[in-house]
Amino acid sequence: MNAQLQPTGSAYFIAKETEKPEQHTLSVLVDNEPGVLARVIGLFSGRGYNIESLTVSETEHEKHLSRITIVTSGTAHVLEQIKHQLERIVPVHRVVDLTVLADELGNGTPLERELALVKVTGTGDARVEALRLAEAFRAKVIDANTEHFIFEITGKGSKIDQFINIMKPLGLVEICRTGVAAMNRGPQGM
């Protein structure tokens with residue numbers, strides 16, 4: 001008997017096998033009220049969409065608006081579905097696919113930055129090497145004693161990944177990352 005894989009509830013099975021998933025950054029402007037983030041996240045989990053990075057903060061205090069930045073992957077069809085479904089949630093004011101907009105404006109990709117705190121322990125040569133490399137990556141020492149450092153580093157996710165990989169053999173203990181904050185270049189706002 002020839003058993004075939006049955007598709008799950010995930011929208012990723014809708015895509016044609018020839019389409020390749022792309023990573024996109026979405027910016028969502030919402031009312032800053034209880035439960036909004038849960039509704040947005042519920043949309044993703046309920047349909048089997050993956051969130052690779054998520055940040056949220058109030059950005060317009062007087063208007064009680066927050067900005068949610070979501071990095072997700074999918075085919076063009078799935079990403080369009082995500083955008084349309086987000087737009088239908090009542091407290092959502094605007095959804096912008098920053099990746100598509102940057103491409104349309106000829107800017108390549110949106111500006112994306114992330115912050116990470118990286119704790120490294122070590123003594124002797126490993127300690128000196130960790131400090132030297134941190135300086136090369138423009139990481140700041142924000143806490144230190146004779147046994148450890150905590151570095152603060154900002155930049156693209158790939159830069160932070162590289163810094164973390166370099167610190168592993170030097171005594172990496174702990175990492176805390178904020179997730180991506182993003183916006184497009186140019187004078188126009190979201």
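In the predicted model, the side chains of Glu174 and Lys119 form a salt bridge with an N to O distance of 3.6 Å. The pair connects distant parts of the chain, with Glu174 in strand 8 and Lys119 in strand 5, 55 residues apart. Glu174 is partly exposed at 46% relative accessibility, and Lys119 is partly exposed at 27%. The count of salt bridges comes to 6.

A salt bridge also joins Lys140 and Glu152, whose closest N and O atoms are 3.8 Å apart. Because Lys140 belongs to strand 6 (residues 140–144) and Glu152 to strand 7, this pair ties together parts 12 residues apart in sequence. Lys140 has a relative accessible area of 52% and is therefore exposed, whereas Glu152, at 22%, is partly exposed. Asp161 pairs with Arg177, the closest N and O atoms lying 2.6 Å apart. Here helix 5 supplies Asp161 and strand 8 supplies Arg177, so parts separated by 16 residues in sequence are tied together. Both partners are partly exposed, Asp161 at 37% and Arg177 at 31%. Shared partners join Glu114, Asp161 and Arg177 into one salt-bridge network.

Helix 5 (residues 157–167) also has a buried set, consisting of Ile160, Phe163, Ile164 and Met167. Viewed down the helix axis, these buried residues fall within an arc of 100° and so line one face of helix 5. An α-helix has 3.6 residues a turn, so residues three or four places apart point the same way. The buried residues of helix 5 pack against strand 5 (111–121), helix 4 (124–136), strand 7 (148–155) and strand 8 (172–177).

The largest nonpolar core contains 17 residues, of which Val28, Val40, Phe44, Ile82 and Leu86 touch the most other members. Two or more residues of this core come from each of strand 1 (22–31), helix 1 (36–47), strand 3 (65–74), helix 2 (76–87) and strand 4 (92–97). Beyond four places in sequence, Ile82 touches Leu26, Phe44, Tyr49 and Thr72. A second, separate core of 16 residues includes Ala116, Ala130, Phe137 and Leu170.

On the surface, Leu37, Leu54 and Val56 form a nonpolar patch with about 200 Å² of accessible area together. Val56 is located in strand 2 (residues 51–60) and is partly exposed at 41% relative accessibility. Glu58 also lies in strand 2 and is partly exposed at 30%. Apart from neighbours within four places in sequence, Glu58 contacts Asn32, His64, Leu65 and Ser66. The C-alpha atoms of Glu58 and Glu112 are 18 Å apart, with a sequence separation of 54 residues.

Methods:
Residues numbered from 1 in each chain as written. Predicted model: local features only at pLDDT ≥ 70, side-chain atom pairs only at ≥ 80, totals over all residues. Heavy atoms only, no water. Patch = residues over 30% accessible without salt bridge, like charges linked within 9 Å, V, L, I, M, F, W, Y side chains within 5 Å. Areas by Shrake-Rupley, 256 points an atom, 1.4 Å probe, with all protein chains shown as cover. Salt bridge = Lys/Arg side-chain N within 4 Å of Asp/Glu carboxyl O. Helix = DSSP H or I, 4+ residues; strand = E, 2+ residues; numbered from the N terminus. Buried < 20%, exposed > 50% of the residue type's maximum accessible area, 1.4 Å probe, protein only. Core = buried A, V, L, I, M, F, W, Y, C linked by side-chain atoms within 4.5 Å. Contact = heavy atoms within 4.5 Å. Arc of directions from axis to C-beta.
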